[in-house]
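Reader: Hello! I am new to this structure, so please take me through it one step at a time.

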Amino acid sequence: MTSKRTNNTNLISVVIFTMALLITATVFASPDDAKAKVKQIFSQVEASLIKLKQTETLTKANIRDVLNQYLLPEVDTRYFTYKILNKNFTKVPEELREPFIAELSLQLINTYSNLLNKYDNEVINIGESTISKSGKMAMVDITIVGSTKTNKAVVKLLQSSTQTWLFFDIEVEGISLLQTKQAEINASFNKLGIEGTLLQLQKINHKVVEG
């Protein structure tokens with residue numbers, strides 16, 4: 001009986017110790033991981049933009065190719081779409097949710113492409129990273145230094161089920177891309193409805209790509 005009780009006690013101790021290690025890893029390791037992810041992706045994008053600038057091929061189409069290669073695979077597009085649709089998400093039929101994810105992902109890339117089309121050898125400095133109390137969301141400070149102007153930005157990431165960090169929003173000078181899109185889509189839902197909004201997104205994205 002004593003041996004069995006001792007074994008149970010040891011098992012409980014192992015479980016508690018393991019949980020403590022996992023909690024410690026989440027609290028102390030994840031912010032650095034999030035910062036490393038942002039630095040990795042933005043360094044790849046920045047290097048590609050410099051090359052495009054040097055070869056005088058800095059077009060929106062080429063910028064989109066860069067973003068599709070480096071940024072889009074690191075975005076939680078499903079969560080991004082869910083947050084944008086907000087209260088309208090439950091109104092969207094199951095069969096239209098994937099098309100909304102696809103079109104809003106294109107909108108994300110197109111928005112970044114429009115911003116980066118004005119790239120003029122600005123330097124992107126990665127600052128401090130912080131993590132939410134839940135350990136599931138991280139925010140990484142960024143400073144974009146130009147010859148005449150410096151902008152501050154905050155990149156927001158969400159921890160996936162595989163413990164990797166994925167982008168879902170960026171704030172530039174306090175303006176959130178996600179919240180801006182959320183307001184646009186909400187207004188469109190009120191005016192055009194579900195299918196009308198999706199059709200409008202498809203038309204806009206097709207025009208941008210073809211242009």
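Author: Let's begin with the elements: helices (H or I, at least four residues) and strands (E, at least two) are DSSP runs, numbered from the N terminus. This is a predicted model, in which local features need pLDDT of at least 70 and side-chain atom pairs count only at pLDDT 80 or more, while totals for chains, interfaces and linings use all residues. Residues are numbered from 1 along each chain as its sequence is written, and side-chain values use heavy atoms, with hydrogens and water left out.

Reader: In what order do the elements of the chain run?

Author: The chain has five helices and five strands. Read from the N terminus on, they follow the order α-α-α-α-β-β-β-β-β-α.

Reader: What percentage of the residues in the chain is buried?

Author: A residue is buried under 20% relative accessible area, exposed over 50% and partly exposed in between (1.4 Å probe, protein chains only). The accessible surface of the chain is about 12,800 Å², with 57% of it belonging to carbon and sulfur atoms. Of the 211 residues in the chain, the buried share is 35%.

Reader: Which residues is Val 155 in contact with, beyond its neighbours within four places in sequence?

Author: Contact means heavy atoms within 4.5 Å. Among the contacts in the chain with a separation of 6 or more, 57% join residues 24 or more positions apart. Setting aside neighbours within four places in sequence, Val 155 is in contact with Val 38, Phe 42, Ala 138, Met 139, Val 140, Ile 142, Phe 167, Asp 169 and Ile 170.

Reader: Is Lys 156 buried or exposed?

Author: Lys 156 is found in strand S3. Not counting residues up to four places away in sequence, Lys 156 touches Ala 138, Met 139, Leu 166, Phe 167, Phe 168, Asp 169 and Glu 171. Its C-alpha atom is separated by 9.5 Å from that of Val 38, 118 residues apart along the chain. With 15% relative accessibility, Lys 156 counts as buried.

Reader: How are H3 and H4 placed relative to each other?

Author: Their axes, which are lines fitted to C-alpha atoms over the stretch in contact with angles from 0 to 180 degrees between N-to-C directions, come within 9 Å and cross at roughly 95 degrees. In this pair, Thr 77, Arg 78, Phe 80, Thr 81, Ile 84 and Leu 85 of H3 meet Glu 98, Phe 100, Ile 101, Leu 104, Ser 105 and Leu 108 of H4. Angles under 35 degrees count as roughly parallel, over 145 as roughly antiparallel, 65 to 115 as roughly perpendicular and the rest as oblique. H3 and H4 are therefore roughly perpendicular.

Reader: And what is the relation of H2 to H4?

Author: The axes of H2 and H4 come within 9 Å, crossing at roughly 125 degrees. That makes the relation of H2 to H4 oblique.

Reader: Where does Leu 58 lie, and is it buried or exposed?

Author: Leu 58 lies in the loop between H1 and H2. Aside from neighbours within four places in sequence, its contacts include Leu 49, Leu 52, Ile 63, Leu 116 and Tyr 119. Leu 58 and Leu 116 are 58 residues apart in sequence and 9.0 Å apart in space, C-alpha to C-alpha. At 18% relative accessibility, Leu 58 counts as buried.

Reader: Is Lys 87 buried or exposed?

Author: Lys 87 lies in the loop between H3 and H4. From C-alpha to C-alpha, Lys 87 is 8.7 Å from Asn 186, which is 99 residues apart from it in sequence. Its relative accessibility is 57%, so Lys 87 counts as exposed.

Reader: What is phi of Gln 163?

Author: Gln 163 lies in the loop between S3 and S4. Gln 163 is partly exposed, with a relative accessible area of 46%. Although this residue is not a glycine, its phi is positive, at about 70 degrees.

Definitions and conventions: Areas by Shrake-Rupley, 256 points an atom, 1.4 Å probe, with all protein chains shown as cover.
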